[in-house]
Amino acid sequence: MKILHVVGARPNFMKVAPILAALRSRSGLTQILVHTGQHYDAKMSDVFFQDLGMPAPDVHLGVGSGSHAQQTAKVMTEIEPVLLREKPDVVVVAGDVNSTIAVALVAAKMGIGVAHVESGLRSRDWSMPEEVNRVLTDRLSDLLFTPSRDGDETLAREGIDPRRVHFVGNVMIDSLRAALPRALQSRIHQQLELTPKAYALATLHRPANVDDPKSLSRVLSALSQIATKLPVVFPIHPRTRARLEADPGLKQEASSLKLTDPLGYLDFLALTNSARVVMTDSGGIQEETTALGVPCLTMRENTERPVTCEIGTNTLVGTDPLQVVPAALAVLEGRGKQGTIPELWDGHAAERIATILVDFCRARGQVGT
Ligand code: UD1
């Protein structure tokens, strides 16, 4: 049995690491790890391999940055010979990045099984590139692993055969739970001169928030107003950094924030765990804050992760400072959501996924003989 895992961009690493580890103890199985190279900076990629204890990739496609079409096409043409050579029983793709859809499309047309980790999420916002990637990847997949029950309902409504869908829980929370004891040893608070529970943590990288200077200015203005109350730490994604560098006015607006380079997994987890409030437009951070019981304000109009708002600590606040700032002040005054942990976010999702993957490979083998 051969399973080929694909990672490409930062949010993939913490989803695939626990699956690789869970499959290591299963017998009669070869695993191959492919890095597409969508993210390539040491701080966007290498540090996560160290922090998550992941093996180095067996294959590196080195695709790098580009337009959506260029990046997706390059992953497709680079992965095809790898799949022809390796002939895996199943390819495991995660999340909603361009590398995910690109590999799923090639594998499906070659008759290789496709397993999608973090399936069934929908923002219902077709202007998000990730939404296109999610819908199409799910349509192409033989195994759809959902992190929450709403995913199963969505996939059923879209006419996907329920026998392909497996509610396994949230594999990212496996990584979080495994890493938390090590994250608590991080020196990041001392390095940034922060007192636990006395700072806000912010991240921004969605094209809708950062690509248009007017939109970026709005969210920076909200964060700057909050920075008059407590320090706001802002690790900057390369996409956002490029926008600030290109516009001195925007750079000035960000000057009251505590800017840092992108942080590694353990340091970021340590900062999240002790933040008074987290303000973000990320997908994964909405889930990590819910798992940690830390209030999260999501600076978007929609979320593909409704369970984090319904029972977790997340609140959608949009991007208008008139909404964002009062919501943040309410959290600072102790009126943040307490939240509860969603079903099966228990640290064992990867084991459930491993069992289903092995059964799938065995069944394929029997059909083939
Ligand atoms: C991608 C994902 C997004 C995810 C995000 C996490 C897609 C469509 N989007 O967005 O869903 O939330 O990753 O980070 O796949 N860059 C660097 N160094 C790097 C990587 C990127 O400098 O290692 C810069 C480049 O200028 C690049 C830009 O960041 O053009 C954007 O990178 P890209 O991979 O296209 O998309 P992200 O915005 O990172």
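Which side chain does the side chain of Ser45 make a polar contact with? Select Ser45 and look for His35: the two side chains make a polar contact at 2.9 Å. (A polar contact is a pair of N or O atoms within 3.5 Å; within protein, one must be able to donate a hydrogen and the other to accept it, and residues adjacent in sequence count only if both atoms are side-chain atoms.)

Before moving on, some ground rules. This is a predicted model, with local features needing pLDDT of at least 70 and side-chain atom pairs counting only at pLDDT 80 or more, while totals for chains, interfaces and linings use all residues. Residues are numbered from 1 along each chain as its sequence is written, and side-chain values use heavy atoms, with hydrogens and water left out.

**Stop 1**

(Helices, H or I and at least four residues, and strands, E and at least two, are DSSP runs numbered from the N terminus.) Ser45 counts as buried at 3% relative accessibility. (Buried means under 20% relative accessible area, exposed over 50%, and partly exposed in between, with a 1.4 Å probe and protein chains only.) Leaving aside neighbours within four places in sequence, Ser45 is in contact with Phe13, His35 and His39. (Contact means heavy atoms within 4.5 Å.)

Next, pick Leu20 in helix α1. Leu20 is buried too, with a relative accessible area of 4%. Show His5, Gln31, Leu33, Met54 and Pro55: these are the contacts of Leu20 once neighbours within four places in sequence are set aside. For a distance check, draw a line from Leu20 to Asp58; the C-alpha atoms are 13 Å apart, and the residues are 38 apart in sequence.

**Stop 2: the nonpolar cores**

In soluble globular proteins, nonpolar side chains tend to be buried together. Here the largest nonpolar core has 61 residues, and Met54, Phe145, Tyr265, Leu271 and Leu357 have the most contacts inside it. (A nonpolar core is a set of buried Ala, Val, Leu, Ile, Met, Phe, Trp, Tyr and Cys residues joined through side-chain atoms within 4.5 Å.) Colour helix α17, residues 349-368: this helix gives the largest share of the core, 9 residues. The core draws at least three residues from each of domain 1 (2-169 + 345-368) and domain 2 (180-332).

Now centre on Leu357. Not counting residues up to four places away in sequence, Leu357 touches Ile3, Ile19, Leu23, Val90, Val92, Ala115, Leu143 and Phe145. Apart from this core lies another, of 29 residues, with Leu250, Val277, Val331 and Leu332 among them.

**Stop 3: where the domains meet**

Colour by domain: domain 1 is 2-169 + 345-368 and domain 2 is 180-332. (Domain bounds come from an automatic or database domain assignment.) Their centres, taken over C-alpha atoms, are 27 Å apart. How many residues of each domain are in contact with the other? Domain 1 brings 22 residues and domain 2 brings 20.

The two domains bury about 1800 Å² between them, with 58% of that from carbon and sulfur atoms. (Buried area is the accessible area, 1.4 Å probe, that two parts lose on being put together, summed over both.) Select Lys43, Asp51 and Trp345: in domain 1 they lose the most area to domain 2, together 31% of what that side buries.

Switch to polar links. There are 8 residue pairs in polar contact between the domains, both residues at pLDDT 80 or more, and 4 salt bridges across the interface. (A salt bridge is a side-chain nitrogen of Lys or Arg within 4 Å of a carboxyl oxygen of Asp or Glu.) Then look at Glu130 and Arg206, a salt bridge with its closest N and O atoms 2.8 Å apart. On the side of domain 1 that touches domain 2, α1 (10-24), α2 (42-52) and α5 (129-140) each supply at least two residues. Of the helices there, α2 gives the most, with 6 residues.

**Stop 4**

The whole structure has 23 salt bridges. Select Asp211 and Arg239, which pair at 3.0 Å, N to O. Asp211 is in the loop between α9 (207-210) and α10 (213-226), and Arg239 is in helix α11 (residues 238-245), 28 residues apart. Asp211 is partly exposed at 32% relative accessibility, as is Arg239 at 28%.

Finish at Glu304 and Arg305, a salt bridge of 2.6 Å, N to O. Here Glu304 is buried at 0%, and Arg305 is buried at 4%.
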